[in-house]
Amino acid sequence: MSGKHSEKYLVTGGAGYVGSVVAAHLLAAGHQVTVLDDLSTGHRDLVPAGAAFTEGRVQDAARHLDASYDAVLHFAASSQVGESVTHPEKYWRNNVCGTLDLLTAMRDAGVRRLVFSSTAATYGEPTAVPLTETAPTAPTSPYGATKLAVDHMIAGECAAHGLAAVSLRYFNVAGAHGPHGERHVPETHLIPLVLQVALGRADAVRVHGENYPTPDGTCVRDYLHVADLAEAHLLALTAARPGRHLVCNLGNGTGFSVREVVETARKVTGHAIPCTTGPRRPGDPAVLVASADRARDLLGWRPTRTDLAGIIADAWDFARRDAAPTTP
Ligand SMILES: NC(=O)c1ccc[n+]([C@@H]2O[C@H](COP(=O)([O-])OP(=O)(O)OC[C@H]3O[C@@H](n4cnc5c(N)ncnc54)[C@H](O)[C@@H]3O)[C@@H](O)[C@H]2O)c1
């Protein structure tokens, strides 16, 4: 728990994948949670029992925030990289304008602590791996650009108005936490896509490029268990200091290739999981692996669920539970 007492948090986007898992961890630590979510990509049933739920937009946060809140955890965003290329205006409006409205509402209500979901997509093509927070930021998608813009906006709010803020730059979030898991529509993340094939809901996994300069030719990514990620948020709430904007990468520091993910999923699920191969996708770097040294040093964060088979097994439990017909 942050401090010795129970605190009250507004969790934007808490009906989504990551926000619902973090909300569950905050509740388990004895805190009060209100979820604000417009259900644009979230699901009402993912909001953990024990959290208050308000269906509404971040843009209208001023209607819901008051001085009784100790902090805001801001997950609400549009986050499909491909869609951001075809509809960038949606991303600038929802992610940037939405966060600007949220920061104004927080200032007006006197809520002075924020944890923000930033992303590895703020960096773009890595010039060196593992990626540290001092790496150049040159996003290759409007999605990454909007998240970087928000990071800059938060830095200004801290410097000018004394906000205490931590931006957590997630790499590839994966796994599940009991009934809280990944249910994106459309799904673009590799592990749930692989598990949809195992469930018989798709015919094959599409591998985008097999000629990268990696050991097996497929892209390498840093998969981070969502429960480890959630623990970093609780630590960030404690580490936030007025006037300071801390930016921390969150990843395991270990990369797994697309082929390794598929092979491990075959072992975990016992299904064949056929693959087809297509061309590289533009803007997909060969290797994206985090240095999370800063999160370790400044937040005291220690990810413990780093085994790929364990991450996939938790995602598989969730996927099967989610696919099961509900009893009337
Ligand atoms: N999942 C990942 O691997 C990953 C990686 C890096 C960063 N992130 C970031 O983490 C956050 C959560 O990602 P996720 O995978 O849980 O996505 P998600 O789509 O499951 O959750 C986002 C939630 O925000 C809600 N939302 C969106 N716009 C809103 C608005 N204007 N007002 C109120 N609610 C709104 C959606 O309904 C949804 O419930 C996002 O900000 C995303 O950019 C995720």
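**Note on the fold**

1. Strand β6 (residues 164-170) is mostly covered, with 7 of its 7 residues buried. A residue is termed buried if 20 or more other C-beta atoms lie within 10 Å of its own, exposed if 12 or fewer, and partly exposed in between, the C-beta atoms being placed from the backbone. Helices (H or I, at least four residues) and strands (E, at least two) are DSSP runs numbered from the N terminus. This is a predicted model, in which local features need pLDDT of at least 70 and side-chain atom pairs count only at pLDDT 80 or more, while totals for chains, interfaces and linings use all residues. Residues are numbered from 1 along each chain as its sequence is written.

2. In a regular strand the side chains alternate between the two faces of the sheet. From β6, Ala-164, Val-166, Leu-168 and Tyr-170 point one way, Ala-165, Ser-167 and Arg-169 point the other way, and all are buried.

3. On one pairing, β6 runs parallel to strand β5 (residues 113-119), joined to it by 7 bridges; two strands pair if DSSP finds at least two bridges between them. Ser-117 stands opposite Leu-168 of β6. Between β5 and β6 the chain passes through helix α4 (residues 142-161), and this β-α-β crossover is right-handed, that is, clockwise from the first strand over the helix to the second with the strands pointing away from the viewer.

4. β6 also pairs with strand β11 (residues 245-250), in the parallel sense and over 6 bridges. Here Arg-169 stands opposite Asn-249 of β11.

5. These strands belong to an open sheet of 7 strands with parallel pairing, in the order β3-β2-β1-β4-β5-β6-β11. Its edge strands are β3 (52-55) and β11, each pairing on one side only. Strand β2 (residues 32-37) pairs with β3 in the parallel sense over 4 bridges, and Thr-34 stands opposite Ala-52 of β3.

6. Helix α5 (residues 190-198) packs against helix α7 (residues 258-269) at an angle of about 45 degrees, with their axes 10 Å apart. Axes are lines fitted to C-alpha atoms, for helices over the stretch in contact, and angles run from 0 to 180 degrees between N-to-C directions. α5 is therefore oblique to α7; angles under 35 degrees count as roughly parallel, over 145 as roughly antiparallel, 65 to 115 as roughly perpendicular and the rest as oblique.

7. His-5 is found in the segment before β1 (8-12). His-5 is exposed, because 9 other C-beta atoms lie within 10 Å.
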